[in-house]
Amino acid sequence: MLLTLTTTHRPATDLGHLLVKHPDRAHSFDVPVGTAHVFYPEAGEQRCTAALLLDVDPLRLAGVRGKGRGRQQAPTPDSFTLGRYVNDRPYAASSLLSSALSKVYRSALRGESRERPELARTPIPLEVRVPVLRCRGGADVAVRMFGPLGWAVTAAPIPLDERHPEWGDSRYVDLTLTGTLRVADALNHLYVLLPVLDDAKHYWVAPDEVDKLLRAGEGWLAGHPERDMITRRYLAHRRALAGLALARLAERRPTDEPAADGTTADEATGDGTTTDGATGEGGQATARRASLAARRREAVLGALAGAGASRVLDLGCGGGALLAALVGDHRFTEIVGTDVSTHALALAARRLRLDRLPERQRDRIRLRQSALTYRDDRLRGYDAAVLMEVIEHVDPPRLPALEDAVLGHARPATVVVTTPNAEYNVRYEGLPAGRFRHADHRFEWTRAEFAAWVDRVSTTYGYTAAISGVGDDDPEVGAPTQLVVLTRKENP
């Protein structure tokens, strides 16, 4: 099976630096089902192509597929005994190719390049070709999967027999993708979606596959219109694992727009309900589940309004959900969003449509790259700062640095912090005990742990504190989100 990646970025041979594979050499790697080869059919200044060829050994494949046969793995089209030896696996792109890709291009998948770090972070023109890909559901499914990610998709059905067109098309397509993306993003799209289109996996799907999916889908899967199908297929239709993955993805969704099934991000996790005047059959009012993300933003906006803040920092702004709400409220005359990720800031800029805003509106907003664990003089002198669902993404040993940078150095008059309530996690179906809501969370605090942290930082840096909850208050475990408003006692 074959996958090629081509660029016309100049010099095109920089592709070798991004893939960490020299264009002048052929590279071979042993994988569980055979041997993966990387070579360059063309490598010039104008155009460069890297080819990944997976040579499958049917006997080794049978051994891999035989492992875990006693477990209740979902049946696949070739799961009968002879199918372990006679099947299309050596010839059609599938999860086998995805696994090889993850081993061969490991550094590139992480976006790492020692020689070209800036280029690794830069979208460049790319073309991907997979000449034979098993695509359950037909070519349209390939378009639905890759199209929303910025690819122009050509999925040409392969006929069963060119000599007999009346027999119709096979279940395979010749896939070509073109677009301007980071190489890391392109490879992660392929890593997830190749087995999704095949809708079969060659190995036992264990719980750690959820983490693999969330890691590879970071930044794009949560907001994908086919998120549910991708999750179910990637996890081999194992309902418990798919439910867990969808619950964790729901918190990552960059907007509160409805998903394909009509639910919002927090509806998928079951966070609270409100009656908002929606009408059902017969014109009667019905209760509609409110978005916890929306309620969280409303609580933050209320705290800022109560503090009389007009110049506000959104620290760790991500894709800009809170920034959009701040921009819509004219009480806030100066709004600054910061994030360590340039990709997140680009998403925020697109979400705010900065290039289309009237000049007066645009002048109210600034987006800045900044790490919250380092002092930044540009963040001093503001009325208020918000850390909304941010602190739990910081490694505990780095929290004191964040506290010093925000409360000690920037020192706004008001600081609003929200974070998950770990006790509430028992209300999430499919979330195992001891697991966090989000794959990137470094910790989640109980109400007592949060109160202890608030007491320490408010005492250390001279703030008063008012703690409350966001979302429906459960009599046993509290509200899903914890919120504190820290008010500075005196000017610095």
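Student: Before we start, what counts as a salt bridge here?
Tutor: A salt bridge is a side-chain nitrogen of Lys or Arg within 4 Å of a carboxyl oxygen of Asp or Glu. Keep in mind that this is a predicted model.

Student: Okay, which residues are linked in a network of salt bridges?
Tutor: R136, D199 and R233 form that network. Between D199 and R233, the closest N and O atoms are 3.7 Å apart. That pair links distant parts of the chain, with D199 in the loop between α7 and α8 and R233 in helix α9, 34 residues apart.

Student: Are D199 and R233 buried or exposed?
Tutor: Both D199 and R233 are buried.

Student: How many salt bridges does a search of the whole structure find?
Tutor: It finds 27. One of them joins the side chains of D174 and R129, at 2.7 Å from N to O. Here D174 sits in strand β7 and R129 in strand β5, 45 residues apart.

Student: New topic: helix α10. Is it mostly covered or mostly open?
Tutor: Mostly covered, as nine of its twelve residues are buried. Among them are L241, L244 and R248.

Student: What do those buried residues pack against?
Tutor: They pack against α8 and α9.

Student: Last one, where is V38?
Tutor: V38 is in strand β3, and it counts as buried because its relative accessibility is 0%. The residues it touches include F29, L52 and Y105.

Key: Residues are numbered from 1 along each chain as its sequence is written. This is a predicted model: local features need pLDDT of at least 70, side-chain atom pairs count only at pLDDT 80 or more; totals for chains, interfaces and linings use all residues. Side-chain values use heavy atoms; hydrogens and water are left out. Buried means under 20% relative accessible area, exposed over 50%, partly exposed in between (1.4 Å probe, protein chains only). Helices (H or I, at least four residues) and strands (E, at least two) are DSSP runs, numbered from the N terminus. Contact means heavy atoms within 4.5 Å. Lists of a residue's contacts leave out its neighbours within four places in sequence.
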